[in-house]
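Hi there,

Here is the structure I promised to pass on.

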Amino acid sequence: MIAHSKFFAKQNGTPPAPQQSKLSFSTKPKANKTEVPAEQPASTPEEDVTGEENADTAAGAGIQTDTDGPAMDVDSEVASEAGKKRSAQEEETDDDDDDEPPTKRQRRRPAKEAPKPKKGKQKSTTKAPPKTKKVAPVKEEEPSDGEEEVAVEKTATLARAPKSSPAEEGEEDVEEDALSSEEEDPKAKAKAREKMQTTLKAKTKDLYPDWKPGEPVPYAALCTTFSKIEMTSKRLEIMAHCSLFLRQVLRLTPTDLQTTIMLMINKLAADYAGVELGIGESLIMKAISESTGRSLAHIKNDQKEIGDLGLVAAKSRSKQPTMFKPKPLTIAGVHRGLMGIATVEGQGAQGRKVDGIKKLLSAADSRTAGKAIDIEKDKGGPSEAKYIVRTLEGKLRLGLAEKTILVALAHAMIYHEMSQNGKTPSTTDLAKAESILKSVYSELPSYEVIVPAMLEHGILNLPENCALQPGVPLKPMLAKPTKSITEVLDRFEGKDFTCEYKYDGERAQIHFVAHDADMTMATEVPNAGKSDRGVSNIFSRNSEDLSRKYPDILGRLPTWVKQGTKSFVLDCETVAWDKVEKKVLPFQQLMTRKKKDVKIEDVKVQVCVFAFDILYLNGEPLVNKPFRERRDALHDAFVPVEGEFTFAKYDDTNDIDEIQILLEDSVKSGCEGLMVKMLDGKESSYEPSKRSQNWLKVKKDYLAGVGDSLDLVVLGAYHGKGKRTSWYGAFLLACYNPSTDKYETVCNIGTGFSEAILETLHQQLSQIVIDRAKPFYTHSSGNKDQPDVWFEPKHVWEVKTADLTLSPRYKAAADEVSSGGKGVSLRFPRFIKERDDKKPDQASSSKMIAEMYQKQESVTKTKGPSVDDDFDY
Amino acid sequence: MLEARLEQANLLKKVVDAIKDLVQDCNFDCNDSGIALQAMDNSHVALVSMMLRSEAFSPFRCDRNIALGINLGSLTKVLRAAATDDILTLKAEDAPDVVNLVFESPSTDRISEYDIKLMDIDQEHLGIPETEYAATISLPASEFQRICRDLSALSESVSIECSKEGVKFNCQGDIGSGSIHLRPHTNVDKPDTNVEIDLTEPVSLTFSLKYLVNFCKASGLSDQVKLCLSNEVPLLVEYTLQTNSYLRFYLAPKIGDEE
């Protein structure tokens, strides 16, 4: 492209920042010698001078390029043949094509225009790709840009501004905050849709100028959309931006739709594919340092100050200019690059990952090259480097929920399809598309399958072409927490429901297809899942492949699958199992298993599968059947095998006393509590990925007596990241041991704080920072267990916890529980309030914590007094 | 059909050694005028440009333009198998998927032959304009290498200031600073040690030492190195090879000082 036809002239051309532009070969020699040989890029000097002057006054990207445009032409005439041809061609295309990237277009503007635009300053700093006549409705900086003469533009500005901004933004402002808070409300949803529809009808202009149809989608287009999304917290606006962009992709390059979606949800592939970038902060910092020529120390310092590597990268860009700019990034190119980084293996993999990142980073922001990005403004704007780094980190931090993307995709798709027939979708059409895509996606959460099918058959025919299939894990249905049994009764009044034990293990989904079934598994099957009966796989609640963790479950699977069961998808809980005592073990036991590459012969912690739901059986999805039917099917299709596979224990009662007894029994037998589920009717169907009202959980934590609060002393803190940058993000707490007069660490805490509290805490605590731990702090000496700062023992906080557990990282009551140096620690600690009235030495004592732990253990321990020994599965 | 016989396999060996840390994969563009290579490092801060003219080979035959996409790591491995005084012959078909290297020992009858698989590298040709530089400095390659190595112990970047008096390499680091001043100097007996400065205007530029140290790996190729500078323009570091061939490095200057 143009960029490459000239040596440093290119640098002079596109980039707006004065520093970078100076990087031209030509400036000095020419200025000095007038008898320059013909070969020399003769043109630039005067142009440059004007360019720089302008840059000083207006600092506009456009201006700089303007002046350079002619320069390049002259240049090419005298320079090499190739150069000439190239720019000549570009000239042509520029003229014909309205859809050219804006940088090129600007070059066409006659140089005399240059000094005029004043607003140019604003536009060029905020928007990498300057607008053409396509004007996004929400843009205010727009008007000064564009093709029209300035005079025309001015009037246009006046005309446009009042029309677009208030119409789009004003209304939304009023409604949206309310909407987002109650997004489940159907009324609000309808309203939202209406809004969407008007937006769609309104012939909204795309944020990013069209690229050539069929050409790869520029990454800058996505970043522009991202930036817009980042700037708002209004869900509808976010959705509108997404939908608009997806429509543009559909219209111009539908083949890139899938990759675009993947980058938007920030996943390289579906979860079950197990593709991970495997990049830590330090690798990214190394890459930033190497590609920008800034020292690692500076990068680290910036990271501490800014707390967002994306912004650090954006800020660091301009220190070391590049030679030729690489081609601008495309969505497909970025995805390929990321995949490359994720799949690098073997010797020197780390180094090659860094190389891959450097390549992406050096190609980033080629349109705005070298211009210092003001990270204070617009949260860094649509900087490609920023979003690449955030993608690498795995956190885009846009407030862009996957659900929003799904809805936006549905809207974009239906709009696209209908507009091809010259129609505009009504709110009902939108609602239909939305519900179709949602339900298909919940059964088959794989854009790799859905998007191509949708492009081929149309969104309305999606249910016929895409359905639940073994091999593609779906997101499990979740339950709403309740505070009491009476709440459960209120919810299910007059309905039949069942109470199941809620086992304390790991949620899992087992997929199976028999050899003699007339279907195949949709995804590749691990070796562990292959048996003489068929192929199987097991997935976590996050759809990760668990076959390397539970080869024993897959290995024994044929023993509990009834003959005649050809295929199924099973929802279950894997629980650690004591073979001798024949009872379940606590969750902590399960967690001691290796996470990967478990060998069946090495398994020490036996695992039993507790099945409680079936989503697919013998070629047929069951998710929409009532739970009673599903449960019957479940019991028909499998044979319980003691200690290996069993059905979750349940009771279909609706008597409050019976439920109370059941709950107590469940807790005694090592469960977390009860799951209460609707039995009949439409409400009892399986709703993947939903936290549904139709499943309620009653946990032991909510029972009176358990979950006492503790008063603990703050000893240290960790620097915050992201939202919590510049405050402390987490704290180290300790209890007090009056017999030794020492403080013993008990947990880290990071939940339960509001931003306001964090701010005051930071003010308060930074006063009492000390250099190192006091000698009377009993804490783990492990490198990873050291907080970033230590405090004087002064403040006491009230903290609630769900559970107590043993941990080598903490030292509380380590002597009392005598478990080889491990201390008692809190699970899921939550900040309640400061206890100004308590002195540090009045904090909860380690003895008290030891007692609480022992009391809790006695319930779960095998030979504990209160265990119901008759109970068996 | 390409067939290029190089009397000294060592030449190619040294060239590849000098650039393999900057560039991993690149195209060797072969045409009737010789073999050329042009590539940028991952960060696009430096550019390598090599030209081995057809006269450097005997015989040299190249019927049509061929781009040999080679992984330099693989090429290094194969070249390691060549003795320094071996005669090297490069061969490739017109639409090759491998490049063939033959090493002949001049003293014995040993002939070894290797094939390297080629790859498709998407690389555009970047036109580098001939430029008149404000300052051109010729100095012994070993001297330049020493300067870069010594200063890189102190700092990450070096500023090169060239004036009528001479050229000054200057760096500021955490532990202190250092500077080396060279004056023009002619020694008729030992022209290798000459320092020549051709100046039309004083220049001062800052560069990353990491890259310069990397460039200096080419010091073995030529006694003298030529540095060409103009303000705000990339530095050219040129090692002249025999018969008009060259190995050139370009490096974009750093902007501003670290904060």
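Below are the notes, starting with how to read the numbering and the values.

This is a predicted model, where local features need pLDDT of at least 70, side-chain atom pairs count only at pLDDT 80 or more, and totals for chains, interfaces and linings use all residues. Residues are numbered from 1 along each chain as its sequence is written, chains are lettered from A and ligands numbered from 1 in the order in which they are written, and side-chain values use heavy atoms, with hydrogens and water left out.

Let me begin with helix α26 of chain A (residues 551-560); helices (H or I, at least four residues) and strands (E, at least two) are DSSP runs, numbered from the N terminus. Eight of its ten residues are buried, so the helix is largely enclosed by the rest of the structure. Buried here means under 20% relative accessible area, exposed over 50%, and partly exposed in between (1.4 Å probe, protein chains only). Among the buried ones are A:Ile553, A:Leu557 and A:Trp560. The cover over them includes β3, β4, β5, β7 and β9 of chain A.

(A salt bridge is a side-chain nitrogen of Lys or Arg within 4 Å of a carboxyl oxygen of Asp or Glu.) A:Arg593 lies in the loop between α27 and β7, 41 residues from A:Asp552. A:Asp552 is buried at 4% relative accessible area, and A:Arg593 is buried at 6%.

Over all chains there are 44 salt bridges.

- A:Lys677 pairs with A:Glu500, the closest N and O atoms being 2.8 Å apart. A:Lys677 is in strand β11 and A:Glu500 in strand β2, so the bridge ties together parts 177 residues apart in sequence. A:Lys677 counts as buried at 1% relative accessibility, as does A:Glu500 at 3%.
- A:Asp302 meets A:Lys315 at 3.1 Å, N to O, linking helix α16 to helix α17. A:Asp302 is buried at 6%, whereas A:Lys315 is partly exposed at 29%.

There is also a salt-bridge network that links A:Asp711, A:Glu798, A:Lys833, A:Arg835, A:Asp837 and A:Lys838.

Finally, chain B: four helices and 18 strands, with buried residues making up 53% of its 259 residues.

Happy browsing!

Note on methods. Contact means heavy atoms within 4.5 Å.
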